[in-house]
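Q: Could you help me learn to read a protein model, one feature at a time?
A: Gladly; let us look at it together.

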Amino acid sequence: MSLHPADLAIIAVYLVFMALIGFLIRRRATKRLDSYFLGDRSVPWWMLGLAGCSSYIDIGGTMSMVGVLFYLGLKSLWATHVYWGWFIICFYMAFQAKWIRRSGVMTFAEWNETRFGPGPESEAARFASAAFVFVLMIFNLMFIAVGTGKFAEEFLPFSRSQSALIVFAVVGVYVILGGIFGVLLTDLLQTALIALGAVVLAVMVFRSGAPEAFLAGKDAAWTSLLPSWRLWPSYLESTPASYQHFNDFGPILLAGFSWLIFRVLAGPNVWDFQFFLSTRSSRDAALSGGLWTAGFTLRWIIGCAFMVLGILYLGSEAGFDAEKIMPLVLKRLPVGMRGLFMAVLLAALMSTISAMVNVTSSVVTNDFIKRYVRREFTQKQLVRLGQLASAAALVIGFVFSLSFSHVITAWETMVFIWVTVILVPATLRWHYWRFSARAFVWSMGVSVVLVLGRVMALPHLKAHQALGLDVGLCLAATIIIAALTGPSDREVLVKFYSRVRPWGFWGPIRREAVRRGLVPAGDREPATDALNGLLTAAFQFSLALLPFYLFLRRWRTFGFILALTGLLAAVLFFTWYKNLPAKDEV
């Protein structure tokens, strides 16, 4: 399909404006490493929170989200939050954002020295983490390139790969020139554009007819939130192969839950870690996590609206690839609106790419070049090397994307294979005092061998069987290795616990910190943090339900969920907001 010149003009103006931001702020952003990668650690919490809202709303992810909404209905909320691990965002709000900021480091890999202390074993843990993050970012860029090309080829006179390359080039300009400040500034503008698009989409849904029209062709179980062991009998008949594994819904959720426990407790292993490090204080980091959790509702508004409009415009039976509902719906919009929504979705996409690229260059510069290249670099030279690493990451991610055709296949390959290898070791680092740097390195290495070995030996397992087996293998290996290795130096552990104060199995270290007067004897913060993890999960889930029931016009249920959301917000005011770190805590 060819876009109208007016639509092309809107898209072109938006892309040029985004690129210009990089040129306008490059001098401020490239003064030194702290400026380029962390914005001088002076980013306001509201700016970071709003920027985070768009950094998780990319085209590829939203296309697969609309697909799972279309095929699974209300049950898709369990799939996204449990199986895909979206509950991780509310745990940033509950406690992880402030824990990360209290560490005071620059990268995810550098954090290992804070937890394990100096020495060769800690150095090995840092190297393993840096290598993991670098590969993960390449995976992420690969997956996003697949969704970008699949979306853009419906509109632009280019192939899938050419379309992805154009978008990557624009993002590369403002990220390479502007660093983290360029990422956050453009993300802030993109969140505003996404919010405008969400409002317009909601209005379009309510002007498009009664819900009975698009529910007529759906099974009654499609509108039920209640989980089931298997989906309805006709599910497989109308679903492509890439989504058919969801038919084993009960096993999928059980395997997903076993994975989710470690996903949320391990903390962020990607760009989120660096975002929270750029705030002014641990209190600001927690506040940005709260705004991020609430603002993530924008993704549900956009996803649910596109899904409903897709059924209204295209029919309720799946005679097409539901991952293409977004571009198919956009084709039916009037001139001007089409260009606006192309810009909205490109905004969502570019915000995600930019964060990934900035983190990748940070890892290369801080955890590899500064650490292992035996020569002195000026701050300017290090920034230039970071810019070169950004460009290289974009090229590598794009090249690998040429191997995939389905968004969900690329995404699940990344998350359920590569991310799984670090989840159990990363969880025990936060929550178990005896888990040492040696245990982390060995358990991560063994987990890589076990998971990749399982993929080669048993490649045709069902999704839930593969995920459950991988998590079980990693858990067993990590527990055995932790038992065979000793803890880190007690002085390092006491210092870490006293500053971060995580909850979990820290008894001997907590008692020592109390004895030294570093932690209050009746310290309730760890228990309160754990409680807030449960409350924020319920809060985030209720926010996701609101757009669904609103667009289905189930007013009674919508009113009940709205009241429940308000009640949870009131409870969190006392359990979370009233217990935020002091304003003077750095």
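Q: What share of the contacts in the protein with a separation of 6 or more lies between residues 24 or more positions apart?
A: First, a caution: this is a predicted model, in which local features need pLDDT of at least 70 and side-chain atom pairs count only at pLDDT 80 or more, while totals for chains, interfaces and linings use all residues. Residues are numbered from 1 along each chain as its sequence is written, and side-chain values use heavy atoms, with hydrogens and water left out. A contact means heavy atoms within 4.5 Å. Here, residues 24 or more positions apart account for 82% of the contacts with a separation of 6 or more.

Q: How many helices and strands does the protein have?
A: Both are DSSP runs numbered from the N terminus: helices are H or I over at least four residues, strands are E over at least two. This protein has 24 helices and zero strands.

Q: What percentage of the residues count as buried?
A: Buried means under 20% relative accessible area, exposed means over 50%, and partly exposed is in between (1.4 Å probe, protein chains only). Of the 586 residues, 61% are buried.

Q: Which residues have the most contacts inside the largest nonpolar core?
A: A nonpolar core is a set of buried Ala, Val, Leu, Ile, Met, Phe, Trp, Tyr and Cys residues joined through side-chain atoms within 4.5 Å. The largest one has 151 residues, and L72, F246, W300, M307 and F548 have the most contacts inside it. Helix α23 (residues 525-552) gives the largest share of this core, 12 residues. A second, separate core has 10 residues, including I138, I144, F168 and F398.

Q: What does M307 touch?
A: Not counting residues up to four places away in sequence, M307 touches V66, L69, F70, W222 and F548.

Q: How do α23 and α24 pack?
A: Axes are lines fitted to C-alpha atoms, for helices over the stretch in contact, and angles run from 0 to 180 degrees between N-to-C directions. Angles under 35 degrees count as roughly parallel, over 145 as roughly antiparallel, 65 to 115 as roughly perpendicular, and the rest as oblique. α23 and helix α24 (residues 555-575) pack at about 155 degrees with their axes 9 Å apart, so they are roughly antiparallel. For residue classes, Ala, Val, Leu, Ile, Met, Phe, Trp, Tyr, Cys and Pro count as nonpolar, Asp, Glu, Lys and Arg as charged, and the others, Gly among them, as polar. The contact of α23 with α24 has 17 nonpolar, seven polar and no charged residues.

Q: At what angle do α6 and α23 cross?
A: The axes of helix α6 (residues 88-103) and α23 come within 6 Å and cross at roughly 140 degrees, which makes α6 oblique to α23. Among the residues making the contact are F91, K98 and R102 of α6 and E525, D529 and Q540 of α23. By class, this contact has eight nonpolar, four polar and four charged residues.

Q: Is M444 buried or exposed?
A: M444, in helix α19, counts as buried because its relative accessibility is 6%. Leaving aside neighbours within four places in sequence, M444 is in contact with A128, F132, V421, I422 and P425.

Q: Where is L461?
A: L461 is in the loop between α19 (437-457) and α20 (463-484). At 30% relative accessibility, L461 counts as partly exposed.
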